[in-house]
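My notes are kept in the order I took them.

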Amino acid sequence: MRRQLGDVQKVKNRFQSEVLFMPQFFGYLAGCGISRVGLWDPEVRGDAAAEYCITVKLLKRLPEDLTIPDEFDGVRVFKTYTGELYAL
């Protein structure tokens with residue numbers, strides 16, 4: 001069942017407050033957003049590619065004892081390492 005954008009926004013907000021905004025992630029998190037699964041997983045086709053997902057941008061690699069789940073409340077989570085972001 002495809003989730004609506006508003007539902008995924010609520011899941012993302014809970015994900016941020018329950019996972020990402022914990023003190024152990026300070027210094028690692030660059031941002032968090034919503035995207036489509038097909039943009040992050042090229043092997044996904046059809047309706048699954050149009051599903052919404054949560055994207056987490058990290059400043060640097062996490063230590064082995066610190067992990068971000070691949071799924072939260074039924075929404076896939078993708079992580080990428082962006083480094084520092086600066087306005088031009």
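**Entry 1, ground rules.** I am working with a predicted model, in which local features need pLDDT of at least 70 and side-chain atom pairs count only at pLDDT 80 or more, while totals for chains, interfaces and linings use all residues. Residues are numbered from 1 along each chain as its sequence is written, and side-chain values use heavy atoms, with hydrogens and water left out.

**Entry 2, the sheet.** I looked up the strand order and found an open sheet of four strands, β1-β2-β4-β3, with mixed pairing. Strands (E, at least two residues) and helices (H or I, at least four) are DSSP runs numbered from the N terminus, and two strands pair if DSSP finds at least two bridges between them. The edges are β1 (29-36) and β3 (71-72), each of which pairs on one side only.

I checked β2 (residues 52-58) against β4 (residues 75-81): they run parallel and are joined by five bridges. V56 of this pairing stands opposite K79 in β4, and K57 stands opposite T80 in β4. β3 and β4 are antiparallel, with two bridges. Here I noted E71, whose bridge partner in β4 is R76.

I found helix α1 (residues 5-20) lying across β1, β2, β3 and β4, at about 155° to β1. The angle is taken from 0 to 180 degrees between N-to-C directions of lines fitted to C-alpha atoms, for helices over the stretch in contact. Which residues of α1 are buried? I listed V8, V11, K12, F15, Q16, V19 and L20. Seen down the axis of α1, these buried residues fall within an arc of 145° (directions from the helix axis to the C-beta atoms), so they line one face of the helix. They pack against β1, β2, β3 and β4, where contact means heavy atoms within 4.5 Å.

I then went to D73, in the loop between β3 and β4. The hairpin of these strands has two residues between them. D73 has a positive phi of about 50° although it is not a glycine.

Terms used
Buried means under 20% relative accessible area, exposed over 50%, partly exposed in between (1.4 Å probe, protein chains only).
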